[in-house]
Amino acid sequence: MGKYEATFIIVGGGIAGVSCAETIAFYCPEEKIILVTESSLIKAVTQLVPLGKALTRFEVEEKSAETIGKYVQVVTDQMAELKSKEKKILTRKGHEISYKYLCLSTGARPKLIEHQNSFVLGIRDTESVEEFQRRIKDSKNIVLVGNGGIASEIAYEVKGLGIDWVIKDKHMSSTFLDPGAAEFFKQSLLSKTKSGEAATIKRMRYGESQGNSGAALGPDWHRMLDVSGNERDLPDSVNIHYGCEVRQIRKSANDRELSVELTNGLTVECDFVVSATGVNPRIDYTVDLRLECATDGGISVNELMKTNLEDVFAAGDCCTATWPLAENWFQMRLWTQARQMGMMAGKAMSMSHLGQKDQITQDFCFEFFGHVTKLFGQQVVLLGRYNAQGLGTNYEALVRITPNKEYIKLVLVGGKLQGAILIGETGLEETFENLLLNQLDLTPFGDDLLDPNIDIEDYFD
């Protein structure tokens, strides 16, 4: 097959890979860039809205890979082998591509509760959502397993069929929410009522002929497709099973439905099972030298997203941060961090090529954890150690709740802000981002921090 050569090669058309390619094109517009993606669709960040110095809200749109052809050559294929000593990669179709700098952005695969079971569907990318849409049209009941963002949105968005939601934790959406925030959302979930319908997103839809690309869904994935079951009104169709897991899945007597046995002793009947239980880094190619990986299976990278191999970088869900982390930053495999890592890798690769290695510094966004998403129809902003991660019991929490409107929780240690959860249109994202960064002693302000009669935004302006 063909031989290619480029200064920069990026493997993966997800958010990390595309962000990396776009960043390189900005710094090195004259250099040749090749993006290797097994899908004819790529994930692009759109409608970027800054909410603070590093905190941003954005949407992810599927586009034809041809749309970035102005500055990037796209090779629709899958990497099969990395020959780092020769600085080249080999693809499944037999292409040989030589590089000076390489970024691995191959994403992750869903953790399935049962592999090789056609009745268990993992939700990870657009193709799996399309399969999900096809199946629920003729289904009456499903079992949903998982407690993260995708599981939460399935429970909230899907209508017209019964859902048994199996959660191993004591409250729903524990990946993002504390028990108080979960309770705040509980009524809207059970009633399936929304405070306001989101505006329709106009987007181009392209045909897809390639296989699973491993590229993660964007924050508005559920609005890309119709995720309604049969036309039936079942407003109280979500039955949550707390503190348990799936013990066994077997076919029912009629051979068309499933019996799912839970660890709490209950058995529920369903048409199929949705497994939304997290992801594993995807490294499905061979390497001539040892590629160092972390204990979670991700490629180990330093603060510049560089691996242990010469001129090989990695970004997004396939890699693991192994540098000394900032006090209030930690890794979660989210689209926000995929974008940040991709941009950081692109910057580091570009500066290395331009001979400015000594001038590369890690981007400011890695100083603290920040993520903006939407759960149960409302905006959710997470800052720092928003759930008091790693703080044990050595913290103070301040909470303000306005039913059906907003939920604000601050996590403080020694009077200094360490994390925050902001649900609803609070307008306080930048204020708390600044307080998290400057570590101002807030002890003198006490409960006034969340007094609704005090304009805290002006107070700390």
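Why is helix H1 largely enclosed by the rest of the structure? Because 10 of its 13 residues are buried, where buried means under 20% relative accessible area, exposed over 50%, and partly exposed in between, with a 1.4 Å probe and protein chains only.

Before going on: this is a predicted model, where local features need pLDDT of at least 70, side-chain atom pairs count only at pLDDT 80 or more, and totals for chains, interfaces and linings use all residues. Residues are numbered from 1 along each chain as its sequence is written, and side-chain values use heavy atoms, with hydrogens and water left out.

Helices (H or I, at least four residues) and strands (E, at least two) are DSSP runs, numbered from the N terminus. The buried residues of H1 include Ile-15, Val-18, Cys-20 and Ile-24. Among the elements covering them are strand S1 (3–11), strand S3 (41–50) and H5, with contact meaning heavy atoms within 4.5 Å.

Now the packing. H1 (residues 15–27) and H5 (residues 335–353) pack at about 35°, with axes 7 Å apart. Axes are lines fitted to C-alpha atoms, for helices over the stretch in contact, and angles run from 0 to 180 degrees between N-to-C directions. On the H1 side the contact includes Ser-19 and Tyr-27, and on the H5 side Trp-335 and Gly-342.

Lastly, cysteines. Counting pairs of cysteine sulfur atoms within 2.5 Å as disulfides, the total is 0. The sulfur of Cys-293 lies 9.3 Å from the closest cysteine sulfur, that of Cys-318, which is too far for a bond. Cys-293 is partly exposed at 39% relative accessibility, while Cys-270, at 1%, is buried.
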